[in-house]
Amino acid sequence: IARVETQVITTTRANHARDDVMNLPDISSYDGFVVVGGDGMFQELVTGLLEHQPPLSSSIPVGVIPAGSTDTVAFTTSTTNHPYTHAIQIICGANKPLDMVKVTVDGSKVRFISNFIGYGFYGEVIRKSEKLRFLGPPRYDAAGTQTVLQHKSWPVVVSLRLPSSYSSEHSSNPQDSSAKWNTFSTRVLSLSFANIPCVCDKAPNGAFPEASMNDGSVQVVVIKSTGRVRFVYHLSRIPRGKGTQFRFPFIETHKT
């Protein structure tokens, strides 16, 4: 109906989309790419584009028709995860820039992140939920409940580049000559770096409301070790959102 010529690839394994896109011989012949899936599938596709050799000489639009469990990229870019709405927006050429985060591990291993990086609580929830995929979307609730009951904390050393006159509401510009590295060590229940607000059904105002899609910054949330009841109270505030979930003495937020 829309008279758009397409080539459809059905993925059958993890990283299938990344590998296929990364190895396309003539990527410049495509006007754009569309992924049907969730945040993980979107991240695979974009990673394939960013790791393509030779590197892309120009930008290529990427669309997402949401079919995942949380669909934070779809919600954040379009305020809805309705697949028909996203399909119409793609056909009409709706376009929004979106930052990606590059993560280097041990100096060589590279990952690209489209929504957030979680260490501690959120990292454990994601890791455990992968083993519970047979449950569908409720797997996150099951994994989260298990992780809350275990109530583990982890030691971390964090280095952030912050302005010399810093407040938690002050964002830093990497090109700002006054920005200085600030390093601290503590024990955390959770450490998160978000480059989009991560809007979803469970967080209609965003799990990280100070994060922006395309301003070159990330919101850093440090949740220090505290009692289980206070941590659960923090989690219970996320659906109400608007930043109230971070108004606790054991939580620090930075934008850098």
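**Close-up views of a predicted model**

At 68% relative accessibility, T79 counts as exposed, where exposed means over 50% relative accessible area, buried means under 20%, and partly exposed means in between (1.4 Å probe, protein chains only). This is a predicted model, in which local features need pLDDT of at least 70 and side-chain atom pairs count only at pLDDT 80 or more, whereas totals for chains, interfaces and linings use all residues. Residues are numbered from 1 along each chain as its sequence is written, and side-chain values use heavy atoms, with hydrogens and water left out.

View A. The place of T79 is in the loop between α3 and α4, the helices (H or I, at least four residues) and strands (E, at least two) being DSSP runs that are numbered from the N terminus. Phi of T79 is near 65°, which is a positive value in a residue other than glycine. D71, in the loop between β2 and α3 (72-78), also has a positive phi although it is not glycine, with a value near 55°. Most residues other than glycine have a negative phi, and most peptide bonds are trans.

**View B. The cis peptide bond between Q53 and P54.** Q53 and P54 are joined by a cis peptide bond, for which omega is about -5°. P54 is found in the loop that runs between α2 (39-50) and β2 (62-66).

**View C. The buried side of helix α7.** Helix α7 spans residues 228-237, and F231, H234, L235 and R237 are buried within this helix. These residues lie on the same side of α7 because they cover an arc of only 160° around the axis, the arc being that of the directions from the helix axis to the C-beta atoms. Among the elements that cover the buried residues of α7 are α5 (121-129), α6 (139-150), β7 (180-194), β8 (219-224) and β9 (251-255).

**View D. S192 and its surroundings.** S192 belongs to strand β7 and is buried, with a relative accessible area of 1%. Leaving aside residues up to four places away in sequence, S192 touches F116, I117, G118, Y122, F208, Q219, V220 and V221, with contact taken as heavy atoms within 4.5 Å.

**View E. A nonpolar patch on the surface.** V34, V36 and I90 together form a nonpolar surface patch with about 230 Å² of accessible area, a value that comes from the Shrake-Rupley method with a 1.4 Å probe, only the protein chains shown counting as cover for residues. Patches are made of residues with over 30% relative accessible area and no salt bridge, like charges being joined within 9 Å and nonpolar side chains (Val, Leu, Ile, Met, Phe, Trp, Tyr) within 5 Å. I90 lies in helix α4 (residues 83-92) and is partly exposed, with a relative accessible area of 30%.

**View F. Salt bridges.** A salt bridge is counted when a side-chain nitrogen of Lys or Arg is within 4 Å of a carboxyl oxygen of Asp or Glu, and by this rule the count comes to seven. One of them pairs R127 with E124, the closest N and O atoms being 2.8 Å apart, and these two residues are separated by about one helical turn because they are three residues apart in helix α5. R127 is partly exposed, at a relative accessible area of 41%, whereas E124 is buried, at 15%. Another salt bridge is formed by D215 and K255, whose closest N and O atoms are 3.1 Å apart. This pair links distant parts of the chain, 40 residues apart, with D215 in the loop between β7 and β8 and K255 in strand β9. The side chains of K224 and E252 also meet in a salt bridge (2.8 Å, N to O); K224 lies in strand β8 and E252 in strand β9, so this pair ties together parts that are 28 residues apart in sequence. K224 counts as partly exposed at 28% relative accessibility, and E252 likewise counts as partly exposed, at 25%. Elsewhere, R13, R18 and D19 are linked in a network of salt bridges.

**View G. Cysteines without a disulfide.** A disulfide is a pair of cysteine sulfur atoms within 2.5 Å, and a search of the whole structure finds zero of them. The sulfur of C198 is 7.6 Å from the closest cysteine sulfur, which belongs to C200, and this is too far for a bond. C198 counts as buried at 4% relative accessibility, whereas C92 is exposed, with a relative accessible area of 63%.
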